[in-house]
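Dear colleague,

I am handing over the structure below, followed by an account of what was found in it. Please read the account with the model open beside you.

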Amino acid sequence: MSIHPTAIVAPTARLETGVTIGPYSTLGDHVTLGEGTTIGAHVVIEAGAHVGKHCRIFSHAVLSSEPQDLKFQGEKSQLIVGDGTVIREFATLNRATSGGGGKTVVGRGCLIMAYAHVAHDCHLADGVILANGATLGGHVIIEEHAIIGGLTGVHQFCRIGAHAIIGGCSGILLDVPPYVKAQGNRARLFGLNTVGLKRRNFPPETIRHLKQAYRLLFLSGLTTSQALERITAEVPTCAEIQHLVHFIKTSDRGITR
């Protein structure tokens, strides 16, 4: 373990073996850092943060600061950061509110680039990437391996589906289905994220089935309910098709098209 002499660490913080803390960084009460995690210079980690193993937190990042929510009344809440996640310079991640379940969660192996913001009560699954300046409103849910382009804003309570990719400078007001590409302010869909699916080693037949479902949902002129009926009747079922259908059926904000 290595703690720079100018760092301030609360006595109640719990540090596992191999942790490194850089100059002028501060850790609040009951912060936990997992084995081998590295904290750069001038990092602020406030109470309620639980950072996993082998994470890298770069200079001037701020973790677990109070939610930017007028309903917050100082209740205890948490920010959970999964193993192997990288958080770059000046990124800000707020802890949660009691009304949102009490936990802001960033999964394992995520990359939060410089100046990105994760608001209170957001839930990011494993492998999510936020490019520079991407900003999430409160209660946003992002499924695994989705990528949010630089300077993109995501409205509160939106969901971004698994393996979706959002182009830079986009404005997201509605849910973005899994496996697709979206771009624009306001965003619209530009087909299946075929390149991303191939890079993640999706079988060719799965990609074909997803393309068939995409055409029925977004290019056929059918209503959503009609398209879902056709998908159920005509597209061979697999886990990805089931997930796509479930995502559409459970959308509260409406679907980006």
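**What was found**

Aspartate 121 counts as buried because its relative accessibility is 3%, where buried means under 20% relative accessible area, exposed over 50% and partly exposed in between, with a 1.4 Å probe and protein chains only. This aspartate 121 is found in the loop between strand 17 (117-118) and strand 18 (123-124), and its phi is near 70°, a positive value in a residue other than glycine.

Before going further, please note that this is a predicted model, in which local features need pLDDT of at least 70 and side-chain atom pairs count only at pLDDT 80 or more, while totals for chains, interfaces and linings use all residues. Residues are numbered from 1 along each chain as its sequence is written, and side-chain values use heavy atoms, with hydrogens and water left out. Helices (H or I, at least four residues) and strands (E, at least two) are DSSP runs, numbered from the N terminus.

Most residues other than glycine have a negative phi, and most peptide bonds are trans. Asparagine 185 and arginine 186 are joined by a cis peptide bond, with omega about 0°, and arginine 186 belongs to the loop between strand 27 and strand 28.

An open sheet is formed by eleven strands in the order 1-4-7-10-13-16-19-22-25-27-28, with mixed pairing; two strands pair if DSSP finds at least two bridges between them. Its edge strands are strand 1 (2-3) and strand 28 (188-192), each of which pairs on one side only. Strand 28 is joined by three bridges to strand 27 (residues 180-183), and the two run antiparallel, with glutamine 183 standing opposite arginine 188.

Glycine 101 lies in the loop between strand 14 (92-94) and strand 15, and it counts as exposed because its relative accessibility is 63%. The C-alpha atoms of glycine 101 and serine 77, which are 24 residues apart along the chain, are separated by 8.5 Å.

In strand 17, histidine 117 counts as buried because its relative accessibility is 11%. Leaving aside residues up to four places away in sequence, histidine 117 touches Gln68, Thr92, Asn94, Leu130, Ala134, Thr135 and Leu136, where contact means heavy atoms within 4.5 Å.

Two packed helices are described by the angle between their axes and the distance between the axes. Axes are lines fitted to C-alpha atoms, for helices over the stretch in contact, and angles run from 0 to 180 degrees between N-to-C directions. Helix 2 (residues 204-219) lies across strand 27 and strand 28, running at about 150° to strand 28.

The axes of helix 2 and helix 3 (residues 224-234) come within 8 Å and cross at roughly 155°, and the two helices are therefore roughly antiparallel to each other; angles under 35 degrees count as roughly parallel, over 145 as roughly antiparallel, 65 to 115 as roughly perpendicular and the rest as oblique. In this contact Gln212, Ala213, Leu216 and Leu217 of helix 2 meet Ala227, Leu228, Arg230, Ile231 and Glu234 of helix 3.

With helix 4 (residues 239-249), the axis of helix 2 comes within 9 Å of the other axis and the crossing is at roughly 25°, which makes the two roughly parallel. Thr206, His209, Leu210, Ala213, Leu217 and Phe218 of helix 2 make this contact with Glu240, Ile241, Leu244 and Ile248 of helix 4.
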